[in-house]
Amino acid sequence: MRSLAPRSTHRVVGSERVGPYTLVRIARGGLEPGVPGQFFMLDAPGRLLPRPFSLCIAPPGELGFLVDAIGPGTEAIAALEPGDEIAVLGPLGTGYRLDVDRPLLVGGGIGIAPLPYLAAQLGGEPRIVAGFRSAEYAEAAAILPAWTEVVVEPTLVTSCHLEGWEVLACGPEPMLKAVAVLCPTAQLAWEAPMACGYGACYGCVVEIDGALKRLCLEGPVLAAARVNGASDKLSQAVEATA
Amino acid sequence: MRLLNASGCLDALAAPDVARALDGFVTKTVTPLPREGSAPPRIAETAHGVLNAIGLANPGRERFLAEHLPRLRELGVPLWVSVGGFCAEDYAETCARLDGIEAVELNLSCPNVDEAADSAAEIVAACRAATKLALYAKLSAAHPDVAEVARAVAAAGADGLSLINTLRGTALDTRLRPVLARGSGGYSGPALKPVALHAVRVCAEATGLPIVGMGGIATGRDALEFLACGARDVALGTVLFSDPGAPARVRAELDAACSVAGVASPDDAVGLAKSPETEEKVTA
């Protein structure tokens, strides 16, 4: 049982385009950045429910979140301007284990979001592979360290010789499932529609260890062996509730 | 006035500090057998409310009593146990096994369970025979005459009413498919407030029973309106999803709202919103 950090209001200090995405930076205030892979619930102006985001960058005095504006909530967050205020709850959930000897960070699309902070916390120059659906989307790799290997469809991240590495991945469900087959010990960050982020709504269940469990408490980062594939409808649902 | 959570909108074991900020914690509905609940996706936000189809996920009566209830007691918060089932005996057997709690809330109206419950009054009567605990009947406003249901459960021995449960709703995605795996779910949030205020007002007038009012309460002013319509206590639901600090905030706002409305305290506001028609009846 972990205690919940209070929800607090923060000033937006920056909002910049990163390829097709928007990096929203807020004043850190009393927020802890948490473990890479943990997430924060950001209020979406004009909407009833907040939206979950993993931490992308943690420069001094700030926290930055990478937003893919694909629905009314994410659009409202991406439209925030410096000086606006936003309520934030977090960090929440279970992040990546960092006790890995030969880390390989794998991101797909907006799933690259937690990798910059993850790479910074691991230290050194961990190997990073990022996959995108098009050259336009690949412009988002600008947020990643210079040594990142970038691939664009039809080339997939799974063709990048992942075997033998300790993989820490985040991306769309088909990518995570493919990574799990190649690297059964991988740590995978999943996503699911979420109303609260702290175990209250029971909305974000995924099949974990053979039963429907709340992703916000068990995950979002889970050992590959624990997840037998989420519902096939989950990716659609994430889009429909963004 | 007591401030509670709406059943299914808070896990006190996952967020004990939120539960401790309330005057009572209402559990998720407990059914005789364990229920894994509905397949995901289970949540859909709409313009003015939230749809959920959780499907009464719960550990079942035996595990609830053996594992969950003892841990909930350690929180030191008065407990309300929400009881569900598919026939009057289901409800009554669970009631008979409960003691040392503040109240039982009979979930007579969960929209996510396909099996129709027997009549509300029959369930309440069976539970009344099974326990001396305070029995609150949670009703839906989907019934064309909720006051009639309220009178029936009052006659069957209910000590109070919880008003209202969610209403059924559907949301579609961009390609016109239902967002929820179950197709439809329970609709909650601000859109429900006028419906809930009406149900509270007519049921208070029809029965005089104590009422826990809920349905779209997000601010202290909202809570005050429920009291004015005749609720004795209020519960927070959907607002807890976005704001786990809502209990303390709503309390603070409630005091301010009382000043603005010119009432001395929340309890003094109970029942103030009588309709002119009702006042005529009362004075006649």
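Select strands S10(A) and S11(A): these run parallel and are joined by 3 bridges. Strands here are DSSP runs of E with at least two residues, helices are runs of H or I with at least four residues, and both are numbered from the N terminus; two strands pair if DSSP finds at least two bridges between them. Within this pair, Ala169(A) has Leu188(A) of S11(A) as its bridge partner. The term right-handed applies if, with the strands pointing away from the viewer, the path from the first strand over the helix to the second runs clockwise.

The model is predicted: local features need pLDDT of at least 70 and side-chain atom pairs count only at pLDDT 80 or more, whereas totals for chains, interfaces and linings use all residues. Residues are numbered from 1 along each chain as its sequence is written, and chains are lettered from A and ligands numbered from 1 in the order in which they are written.

Stay on S10(A) and display its surroundings. This strand is largely enclosed by the rest of the structure, because 4 of its 5 residues are buried. A residue is buried if 20 or more other C-beta atoms lie within 10 Å of its own, exposed if 12 or fewer, and partly exposed in between, with C-beta atoms placed from the backbone. S10(A) also pairs with S7(A), in the parallel sense over 5 bridges; Leu104(A) has Val167(A) of S10(A) as its bridge partner.

Now widen the selection to the whole sheet. It is open, has 6 strands in the order S9-S8-S7-S10-S11-S14 (chain A), and its pairing is mixed. Its edge strands, each pairing on one side only, are S9 (149-152) and S14 (221-223) of chain A. From one strand to the next the twist averages 20°. At the S14(A) end, S11 (residues 187-189) of chain A pairs with S14(A) in the antiparallel sense over 3 bridges, and Leu188(A) has Leu222(A) as its bridge partner there.

Helix H2 (residues 115-122) of chain A is the next selection: this helix packs on the sheet, touching S7 (103-108), S8 (127-132) and S10 (166-170) of chain A, and its direction makes about 170° with that of S7(A). Axes are lines fitted to C-alpha atoms, for helices over the stretch in contact, and angles run from 0 to 180 degrees between N-to-C directions.

Colour chain A by domain: the assignment gives domain 1 (8-92) and domain 2 (103-240), with bounds from an automatic or database domain assignment. Their C-alpha centres lie 19 Å apart. Contacts (C-beta atoms, placed from the backbone, within 7 Å) link 22 residues of domain 1 of chain A with 23 residues of domain 2 of chain A.

Move to chain B and select S7 (residues 135-139), where 5 of its 5 residues are buried. Leu135(B), Ala137(B) and Leu139(B) lie on one side of this strand, and Tyr136(B) and Lys138(B) on the other. S7(B) runs parallel to S6 (residues 103-107) of chain B, joined by 4 bridges, and Asn107(B) stands opposite Lys138(B). A further 4 bridges join S7(B) to S8 (residues 160-163) of chain B, again in parallel. Helix H5 (residues 146-155) of chain B carries the chain from S7(B) to S8(B) in a right-handed β-α-β crossover.

Finally, show both chains: their contact takes 33 residues from chain B and 33 residues from chain A.

Note on methods. Contact = placed C-beta atoms within 7 Å.
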